[in-house]
Every structure is written in C-alpha cells, then in structure tokens.
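Here are my notes on this model, point by point. Please keep the coordinates open while reading.

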Amino acid sequence: MIHQVVVRGVPEWVDAGKLLGQPFTSEDDAFTAELDTEAAADLAARLRNVGVGGALLSVQFRPRLKRPAIRAGRTRDARARRDTTPGFTQPGAQWDDEGRYSLTPEALALVMGKAANKRDVTDLGCGVGGNTIGFARAGCTVAAIERDPIRRRMALHNASVYGVRDRVTVATELSDDATGDLLFIDPPWGTEWDRERTVVNDFPLLVTSLERIQRADFTELWAKLPPSFDPTSVPNATAQAVFGTRPGDCHRIKFVWLSVRPHA
Ligand SMILES: C[S@@+](CC[C@H](N)C(=O)[O-])C[C@H]1O[C@@H](n2cnc3c(N)ncnc32)[C@H](O)[C@@H]1O
C-alpha cells in the first residue's frame, strides 16, 4: 500500500533531506512524499514524539498506518538504534556513567574541532573529554574545566590516550576574570530532558555563559544542546542540526550546535 506522508515543523536550519531520509518534495512548510507501508512506518517510528527547534514535528499519513505496521516499524527502529555513532574508539579510554551517556561521539567532536579553526578553546564542563579531545586533535589549545574530580582525571587520561595531552590544561572552575576566544559548553541535559521543547533557562550553564559573552569575556560561544532546543530563546544565536554518521542515527538529530556572538 502507498501512503501520502506530510511532515510539518522542520525548521529551516535543519537539513530536511537528512532528517527525513527519503525523497520528499517541499512546499511552504510542508514536506510531502508517497511511501510504501514499511518506509512510512519506519518514518513514523523515528519521528514519533520528536521535538525539533522548540516544537513537536507533525507527521500525517493518508491512509493511516495500521497497528501491526506501526509495531513492526518500532521494532525495526529499536534494532537500528544499536548501530549508532561511537563515542571513543581508542582502546584504553575511560568514562563513568555520566561521562558515557553525555559523551559527544568522536567523529562529531572532530567535525566541531575542525570548525574551531585552531582557535584557543575553553571547554566549560568537559566531562571525560569528548569535545576537548576533538578540539585538541584539530589543533586547538584547550582549557578544559570540569568540577567532578573523577571525570576531570579521566579527561586528562583520555587526552593522553589520543596523544593530545600537551594541548590540554584542566581546572575545576571558570574563574570570574577568565577571558578567551571560543567558549564551548555542553551543559548537562539530565536524562529527563523535555523531548518537545527546551529553552535557555533549562540550562544554568548556558545562562551564565551567555553573561560572559555579553561581557565580551569571550569572542564566541558554542553550545551543544538537545534537538528540542528552541534557538529563538537566545538573542543573536544561530543554530545547526548535527546528525549521526551510522545507519542507526544518520537520520536523527544528535544535538543542536548553537553559536552566539556578543551583541554589537
Ligand atoms: C554533558 S557533560 C560534557 C560532555 C563532554 N562534552 C564530552 O563530550 O565528553 C557536562 C559536564 O559538565 C560538568 N559541569 C556542569 N556544570 C559545571 C560547572 N559550572 N563547572 C565545571 N563543570 C561543570 C558536569 O560535571 C559534566 O561532567
């Protein structure tokens, strides 16, 4: 059976082709395609209850999908999720529970690192070092800051494993008089973050970092935030959606990469 599928609510800063993973045509804010039942059910499973940029996506099927097709789609989706972009790939890397689930996948951290263009980076809340190492491998000097002593030690250990220990310093907190070029934050999302909409005030570390940007202590702020983050809650911000690289997450937004410069 063929279903007409209409998806609405994809922000213009999201690559709709990557998100939908199917040939859709677009008109105004609607993306439309004709898909067989299996492809439609896969899309339904993947986009179910997914908020992007501050609102849930709207996904409609005509004719509607039947329950067995929906169930089969969810089963395939759960199976596909086993093959996602890996965290650290080097043997010997260390992490604790929080460090593992909040780790930026190695390939994506390296993409961000290269985009930093060898600037000096302050990684505020470095965890076990996923982004710190991505920046350092791309030639940046990194001031890594982590309040948890175990993760701080692991970040240094992991920097050694990746051969970039000489580009990384660590500290426990960002001092009030610290200044620099690029300030990067990956604030804790918690396991219960709102899948529909998150905003600036949900992330205390983002609020304090924005204050430092407005004081011009740093020239730019980058933040890694959940797909549901509404970038319009931050004045002067630009957003891009970062997708995974493996079959299980190449059509999923892993995080929003927010960039903010001081007001003119
Ligand atoms: C989401 S994790 C960072 C993960 C990291 N980007 C990676 O890829 O490995 C956030 C970390 O920020 C730390 N953190 C939160 N608030 C902090 C603060 N004010 N100062 C220093 N570290 C902080 C937490 O302890 C946690 O380890």
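1. Ligand shell. The ligand is surrounded by 21 residues. The closest are Ser102, Gly125, Gly127, Gly130 and Asp186. A residue counts as near a molecule or strand if its C-beta atom, placed from the backbone, lies within 6 Å of it. By class, the shell holds seven nonpolar, seven polar and seven charged residues. The classes are these: Ala, Val, Leu, Ile, Met, Phe, Trp, Tyr, Cys and Pro are nonpolar; Asp, Glu, Lys and Arg are charged; the others, Gly among them, are polar.

2. Basis of the model. This is a predicted model: local features need pLDDT of at least 70, side-chain atom pairs count only at pLDDT 80 or more, and totals for chains, interfaces and linings use all residues. Residues are numbered from 1 along each chain as its sequence is written.

3. Helices at the ligand. Which helices each supply at least two residues of the shell around the ligand? They are H4 (97-102) and H6 (130-137). Helices (H or I, at least four residues) and strands (E, at least two) are DSSP runs, numbered from the N terminus.

4. H5 against H6. Helix H5 spans residues 106-115. H5 and H6 pack at about 50°, with axes 7 Å apart. Axes are lines fitted to C-alpha atoms, for helices over the stretch in contact; angles run from 0 to 180 degrees between N-to-C directions. The two helices are therefore oblique to each other. The angle classes are roughly parallel under 35 degrees, roughly antiparallel over 145, roughly perpendicular from 65 to 115, and oblique for the rest. H5 passes H6 in a right-handed crossing. A crossing is right-handed if the near helix is turned clockwise from the far one by less than a right angle, and left-handed if anticlockwise. From H5, Ala109, Leu110, Met112 and Gly113 take part. They meet Gly130, Asn131, Ile133, Gly134, Phe135 and Arg137 in H6. Contact requires C-beta atoms, placed from the backbone, within 7 Å. The H5 contact with H6 has five nonpolar, four polar and one charged residues.

5. H6 against H7. Helix H7 covers residues 149-161. H6 and H7 pack at about 35°, axes 9 Å apart. H6 passes H7 in a right-handed crossing. Thr132, Ile133 and Ala136 of H6 make the contact with Ala155, Asn158 and Ala159 of H7. The contact residues divide into four nonpolar, two polar and no charged.

6. H2 against H3. The axes of H2 (residues 37-47) and H3 (residues 67-80) come within 8 Å and cross at roughly 65°. H2 passes H3 in a right-handed crossing. By class, this contact has six nonpolar, two polar and five charged residues.

7. Domains. The chain is divided into domain 1 (2-80) and domain 2 (97-260). These bounds come from an automatic or database domain assignment. The C-alpha centres of the two domains lie 30 Å apart. The contact takes 16 residues from domain 1 and 17 residues from domain 2. On the domain 1 side, H1 (16-20), E4 (51-52) and E5 (55-56) give two or more residues. That side divides into eight nonpolar, five polar and three charged residues.

8. Backbone checks. Most residues other than glycine have a negative phi, and most peptide bonds are trans. Two sites deserve a look. A cis peptide bond joins Arg62 and Pro63, with omega about -5°. Pro63 sits in the loop between strand E6 (58-62) and H3. Lys118 has a positive phi, near 65°. Lys118 is in the loop between H5 and strand E7 (121-124).

Definitions and conventions:
Contact = placed C-beta atoms within 7 Å.
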